[in-house]
Amino acid sequence: MSISGSMRETQVLGPNLDLKRTISGRLGESKIYIKDEVTNKGNSPVPHMLLYHCNFGWPLVDEGTDILWDGKWRPRDGDTNTNKIFGKSNNFRKCPAPMDEHSGTGEEAAFIDIDADGNGQCHCGLYNAQLGIAVIIRFYKKQLPWLINWQHWGKNEYVTGLEPATNPPIGQAKARKQNELILLAPGETKNYELEMEVSGNPEIFKKKKKNTTIAVQ
């Protein structure tokens, strides 16, 4: 089964981008596939940055849920010594109890240069041992080389995000300055593929609970 749609981002004398999305699955499987095609329909190069906001909440995300990913990381503010969540002395790989300091606008994020397997595929996810359920996200490093882990542990606003991306969310100006901004040529298409799976298979948990991380400044 599948459903497709398209969305156009366009303006006079500006960018003219077309996104075609197909969401598909097979009956009887607990997987969803997302395939995106982004095409520059205009006549000049256009900046391109893409991030998938995959946000998860209760009951999967609960106190003690494991947050699963492997790779080199840095906190958004760049300081592992003072960051209240993504610090060297804090276990940010386990979901904590709701935090008073995250009421309102409290939140933190880490930028992760995620590891890929021998097929170039990246894996991240969440595992709730009490429920015996995991959600695994798979995507390709060559398409989406970054993962953002966003954490917001407010009371009644308890959520974490695992967000595959072409770039960290630093804005076009900074990405251009760092020579990391993608420019789509006229007629050029970029393809992106994500797979999401809900599983109760303990072998998946064993493989993905390595949680190897290296902090970089």
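Guide: One definition before we start: two strands pair if DSSP finds at least two bridges between them, and strands (E, at least two residues), like helices (H or I, at least four), are DSSP runs numbered from the N terminus. What you see is a predicted model, where local features need pLDDT of at least 70, side-chain atom pairs count only at pLDDT 80 or more, and totals for chains, interfaces and linings use all residues. Residues are numbered from 1 along each chain as its sequence is written, and side-chain values use heavy atoms, with hydrogens and water left out.

Visitor: In the hairpin of E1 and E2, which residue takes a positive phi near 60 degrees?
Guide: Strand E1 covers residues 2-10 and strand E2 covers residues 16-24, and they pair in the antiparallel sense over 9 bridges. Within that pairing, Gly5 stands opposite Arg21 in E2. The hairpin has 5 residues between the strands, and the residue with a positive phi near 60 degrees is Leu13.

Visitor: How many salt bridges does a search of the whole structure find?
Guide: Here a salt bridge is a side-chain nitrogen of Lys or Arg within 4 Å of a carboxyl oxygen of Asp or Glu. One of them joins Lys31 and Glu195, at 3.8 Å from N to O. That pair links distant parts of the chain, with Lys31 in strand E3 (residues 31-40) and Glu195 in strand E14 (residues 189-199), 164 residues apart. Searching the whole structure gives a count of 9.

Visitor: Is Glu195 buried or exposed?
Guide: Buried means under 20% relative accessible area, exposed means over 50%, and partly exposed is in between (1.4 Å probe, protein chains only). Lys31, at 26%, is partly exposed. Glu195 has a relative accessibility of 13%, so the word for Glu195 is buried.

Visitor: Which residues are linked with Glu195 in a network of salt bridges?
Guide: Glu195 also forms a salt bridge with Arg138, with the closest N and O atoms 2.6 Å apart. Glu195 lies in strand E14 and Arg138 in strand E10 (residues 133-140), so this pair ties together parts that are 57 residues apart in sequence. Both Glu195 and Arg138 are buried. The network links Glu195 with Lys31, Arg138 and Glu197.

Visitor: How far apart are the closest N and O atoms of Glu107 and Arg76?
Guide: Glu107 is partly exposed at 25%, and Arg76 is partly exposed at 38%. Their side chains form a salt bridge, and the closest N and O atoms are apart by 3.0 Å.

Visitor: Why is the pair of Trp69 and Phe92 stacked?
Guide: A pair of aromatic rings is described by the distance of the centres and the angle of the planes. Rings of Phe, Tyr and Trp (its six-membered ring) pair if their centres lie within 6.5 Å; planes under 30 degrees apart count as stacked, over 60 as edge-to-face and the rest as tilted. By this rule there are 5 aromatic pairs. In this one the centres are 6.2 Å apart and the planes of Trp69 and Phe92 are at 15 degrees, so the pair is stacked.

Visitor: Which residues form one aromatic cluster?
Guide: Trp69 is buried at 1%, and Phe92 is buried at 6%. Trp73 and Phe92 form an edge-to-face pair, 4.7 Å centre to centre with 65 degrees between the planes. The cluster is made of Trp69, Trp73, Phe86 and Phe92.

Visitor: What charged end sits over the ring of Trp69?
Guide: A charge sits over a ring if NZ of Lys or CZ of Arg is within 6 Å of the ring centre and within 35 degrees of the ring normal. For Trp69 the charged end is 3.8 Å from the ring centre, and it belongs to Arg93.

Visitor: Which backbone oxygen does the side chain of Asn149 reach?
Guide: Asn149 is in strand E11 (residues 146-154), and at 0% relative accessibility Asn149 counts as buried. The side chain of Asn149 reaches that oxygen at 3.1 Å, and the residue is Gly161.

Definitions and conventions
A polar contact is a pair of N or O atoms within 3.5 Å; within protein, one must be able to donate a hydrogen and the other to accept it, and residues adjacent in sequence count only if both atoms are side-chain atoms.
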